[in-house]
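This report goes through the fold, the packing and the chain contacts of the structure shown below.

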Amino acid sequence: MNDATRTSPPDRPEIFYRPTPSDTSGVVQKPLSAWERIYNIPALRKFALLVLLALIWQIYAVDLGNQLIFPTFSETMQAFFQGIVSGGLLLKAWTSIRVLLIGYAAGIALATLLTVMAITSRLGTDLLETLTAMFNPLPAIALLPLALIWFGLGEGSLVFVLVHSVLWAVSLNTHSGFMSVSLTLRMVGRNYGLSGFAYVRQILIPAAFPSILSGLKTGWAFAWRTLIAAELVFGVSSGSGGLGWFIYLSKNLLEIPSVFAGLFMVILIGLFVENVIFNTIERYTVRKWGMQL
Amino acid sequence: MDQGLSGSAALLDVSGVTLQYKTREHLITATYRVSFQVRQSDRFVLLGPSGCGKSTLLKAVGGYLPAVEGSIRLKGEIVTQPGPDRMMVFQEFDQLLPWKSVCENVMFPLMASGKLGRREAREKALDYIDKVNLTKFAHSFPHVLSGGMKQRVAIARGMAMEPAILLMDEPFAALDALTRRKMQDELLQLWDDTRFTVLFVTHSIPEAIRIGNRILLLTPHPGQVKAELNSLARTEHDLERFTQMEEKINTLLFADRVEEEETARE
């Protein structure tokens, strides 16, 4: 008998259920609580964090009580608004941004050229790889003395170092993005009879967009850093200097709250570009397409 | 009756095709002198175990791979490069363009090949999306669809182009068994509607018998034709005949190997 139970399990009847109608089964869908819904807004979460950081700053600075070393948040804000009202700060920010945009655009154009060369020929790939290996680790600021000799004290030098800081980051990311486009998608594109520029534009670029975007972001951050640093080094160019110059000047006048206000402006612009511009691009592209969460 | 005449002649003529590809260390012969002919409205199945070069053969018909020897002709013209007259349906779920909605995915090849304008392409796309029962998802993006739904979009996309021949590379292999069965039935229903010509690669014997009207058996290393069989009729649902057919294919594919092993033992 033992053997029989071991070899085959006992017979069981088949069982059939009738599904219960859904209205008797209780809650299927329930709205989230107000707190959960508020917590789900990313902008609000980030704003709360910023407020918290400002609060910590204020408490620490009040406790320290030395304006020359670490002004309070409220003093910085005061200097910031004064700077804006007197017109200097916004104008200086614009001077910086204008140069930045020129350098950024030129860097992206060159990066496009370089990556297109890299995907169309093996020699182009080698060229890109060698150049990035050589120049990517080289800090843009280190080129500034040379740039000053070549292009003189002005916008030309700034654009030159900006291009250097954008070019390698963007082309490296774009190229690796192109390389990682799945074979299936490539075959799909060729199946449609696409080739040359149409193939790159309609298949490769959208498929590699997550990497391209991260390259653009890194390039932007590099460019911004380089620009402020370069302005700090050689200050004013044509008539009105940029934000770096503003910071440098305020330091020399020992107006430390203004130094902080200048830094605050740099941070503010960075936050805006990251959270508004790039975020919007992401929302309408890679996140909508499900390529990124 | 011009249609009737061309219907009896070969639409796709593969004759004596040898295919080779290189890996880092070896030159591999995927198929050796394979010949077959596909006629209008055939459901032609390439069946064989892995390593028999059936997918490579399909890629060669798709124009992705040149033949080392022999020729592949579609409507009398030699195949040299990929083109929209041979739409591919791949096995992978990532074959839809993630940056386009379902409807745009179906429209894209219609417009990219210059076949139709935006409005007509849209109409046709919605028509075929309806045929694969995805009207509700026409404006969704691929990442929200299940695997089976993605494959249905890929099939709709292929069929909307009304290609001379539809190439399907194990399109249901990555699906679960239940969905797979359902997709096979749907594909057959679509064929009943439009009588498209399809070249279908699979390694599943039951799938080959169910889908195909003509089955090409390939043996591996290198891929060579073992037999070209007629499958059961579309309307025939005799379980016994089905099992017989399965047995027959099994013996054809694997009998040699048993013999070889036996002789090796002696």
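Which residues of the largest nonpolar core touch the most other members?

The model is a predicted one. Its largest nonpolar core has 125 residues, and those touching the most other members are A:Leu162, A:Val166, B:Val106, B:Leu167 and B:Leu199. Helix H8 of chain A, residues 155–179, supplies the largest share of this core, with 12 residues.

For B:Val106, the contacts can be listed, leaving out residues up to four places away in sequence. B:Val106 touches B:Ala125, B:Tyr128 and B:Ile129, and also B:Val153, B:Ala156, B:Arg157 and B:Ala160.

## Chain A: helices and dimensions

Chain A contains 13 helices and 0 strands. Along the sequence its pattern is α-α-α-α-α-α-α-α-α-α-α-α-α. The radius of gyration of chain A is 29 Å, whereas the globule rule gives 19 Å for 293 residues; the value is well over the rule, so chain A is more spread out than a compact globule.

Along the principal axes, the C-alpha atoms of chain A fill a box of roughly 100 × 60 × 40 Å. Of the 293 residues in chain A, 32% are buried.

Chain B has an open sheet of 6 strands with mixed pairing, in the order S6-S7-S8-S3-S9-S10. Strands S6 (86–89) and S10 (224–230) of chain B stand at the edges; each has a single partner strand, so one side of each is left without a neighbour in the sheet. From one strand to the next, the twist averages 20°.

Strands of a sheet pair through backbone hydrogen bonds, in either a parallel or an antiparallel way. In chain B, strand S7 (residues 165–169) and strand S8 (residues 198–202) run parallel and are joined by 4 bridges. B:Leu166 has B:Val198 as its bridge partner in S8(B).

## Contact between the chains

How many residues of chain A are in contact with chain B? There are 15 residues of chain A in contact with 19 residues of chain B. Helix H9 of chain A (residues 183–191) gives the largest share of the side of chain A that touches chain B, 6 residues. By class, that side of chain A has 8 nonpolar, 5 polar and 2 charged residues.

Note on methods:
Residues numbered from 1 in each chain as written. Chains lettered and ligands numbered in written order. Predicted model: local features only at pLDDT ≥ 70, side-chain atom pairs only at ≥ 80, totals over all residues. Contact = placed C-beta atoms within 7 Å. Helix = DSSP H or I, 4+ residues; strand = E, 2+ residues; numbered from the N terminus. Nonpolar A, V, L, I, M, F, W, Y, C, P; charged D, E, K, R; others polar. Rg over C-alpha atoms; globule rule 2.2 N^0.38 Å. Buried ≥ 20, exposed ≤ 12 C-beta atoms within 10 Å, placed from the backbone. Pairing = 2+ DSSP bridges. Axes fitted to C-alpha atoms, helices over the stretch in contact; angles between N-to-C directions. Core = buried A, V, L, I, M, F, W, Y, C linked by C-beta atoms within 7 Å.
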